[in-house]
Amino acid sequence: MNYKILKLDFTTAVHFGSGGLEKGQNVLNADTIFSALFIEALKYGKSDRLLELCQNCKLKISNAFPYIGCDYYLPKPIIRLNNDADGDSIIKKALKKLRYIPVSRFDDFINGKLDIKAEADLFGENLGESALMEKVSMETASEDEVNNLYAVEIFKYKKDSGLYFFVGYEADEDFEMISKLMQSISYTGIGGKVSSGYGKFKLSVDIPVKEIVKKFENVDNYKDIMSLSLCLPNEDELEQSLEGASYTVVKRSGFIASSKYADTFRKKKDLYMIEAGSVYKNAFEGDIYDVSDKNNGTHPVYRYGKPFFMGVR
């Protein structure tokens, strides 16, 4: 499989929801990226192709993680480290605060040689800032106009900071399809509240370093593997995939973005998934799940649940 990086340099603030308009985050999950790609692919008659490639593991995407300057960051793996500072309360607090690790220093982290406090402080200072924006919703009830105030948490990335995600693909034409779809999305925005102008970005392509590609290609040689995407094993894989695993479960929900699905906004079915950064002993394929209400909608609505594995140790 071939690998590329798609880099998102945001030109506006973003709103990536994590449980309501007043709660946001500064990264994007793979299921949100896939949803945006799928909706865009529908416009160009490419949705069936996109779904088929991902279902058959010929195309895969990771979550979108931060970059700062020349450093690409990975999620902190959920593993216990052999660290001489295990009893140091300052280090423990810094480790809890640390969420992402530069690719270039990932092995240092695994080997217990990373300056965890310095890394945690540096990341927090340089990525960007969040803010709570007050908005007004205009609704008309009979002849009376009612102004409804609500708040939206947004995030503004600092200069030379943003998000990136890995794309694994077999055929060059399939990567070109993803790249063109993301280019189209860049003009309208990704995430929530794009109608308010949030989530616009400039897109560029980069090549991952050989060291990280080796970790993608040789997962069978590692006793611990980590998924770089939010994912969910299918029912037949569930028991074996979670044997000896260290993981965090997260509830995924939200509204269906497609205007063609129904006359009114409808919610997706809730799905409990496993966070990126979770560590496994056994690989699995996962699936792409239909989270639509088949009785009330006009088409399926998909939640991406495929893993993007890399070797850890």
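A salt bridge is a side-chain nitrogen of Lys or Arg within 4 Å of a carboxyl oxygen of Asp or Glu. Keep that in mind as we go.

Residues are numbered from 1 along each chain as its sequence is written, and side-chain values use heavy atoms, with hydrogens and water left out.

**Stop 1: salt bridges**

Select Asp-224 and Lys-281, whose side chains meet in a salt bridge (2.7 Å, N to O). The two residues are 57 apart in the chain: Asp-224 is in the loop between α7 (210-217) and β12 (225-227), and Lys-281 is in the loop between β15 (279-280) and β16 (287-290). Helices (H or I, at least four residues) and strands (E, at least two) are DSSP runs, numbered from the N terminus. Is Asp-224 buried or exposed? Asp-224 is buried, at 4% relative accessible area, while Lys-281 is partly exposed at 40%. Here buried means under 20% relative accessible area, exposed over 50%, and partly exposed in between (1.4 Å probe, protein chains only).

Next, select Glu-173 and Arg-49, another salt bridge at 4.0 Å, N to O. Glu-173 belongs to helix α6 and Arg-49 to helix α2, so this pair ties together parts 124 residues apart in sequence.

Then show Asp-31, Arg-252 and Arg-303, which are linked in a network of salt bridges. How many salt bridges does the structure hold? There are eleven.

**Stop 2: cysteines**

Look for disulfides (pairs of cysteine sulfur atoms within 2.5 Å) and you will find zero. For Cys-54, the nearest cysteine sulfur is that of Cys-57, 9.0 Å away. Cys-54 is buried, with 3% relative accessible area; Cys-70, in contrast, is exposed at 78%.

Stay with Cys-57, in the loop between α2 (47-55) and β4 (59-61). Cys-57 has a positive phi of about 60°, though it is not a glycine. Most residues other than glycine have a negative phi.

**Stop 3: a region to treat with care**

Finally, select residues 140-145, where pLDDT stays under 50. The model has four contacts (heavy atoms within 4.5 Å) for them beyond four places in sequence. Where pLDDT is low, the predicted coordinates should not be read in detail. Across the chain, the mean pLDDT is 87, and 84% of residues reach 70 or more.

Notes
This is a predicted model: local features need pLDDT of at least 70, side-chain atom pairs count only at pLDDT 80 or more; totals for chains, interfaces and linings use all residues. pLDDT is the predictor's confidence in each residue, from 0 to 100.
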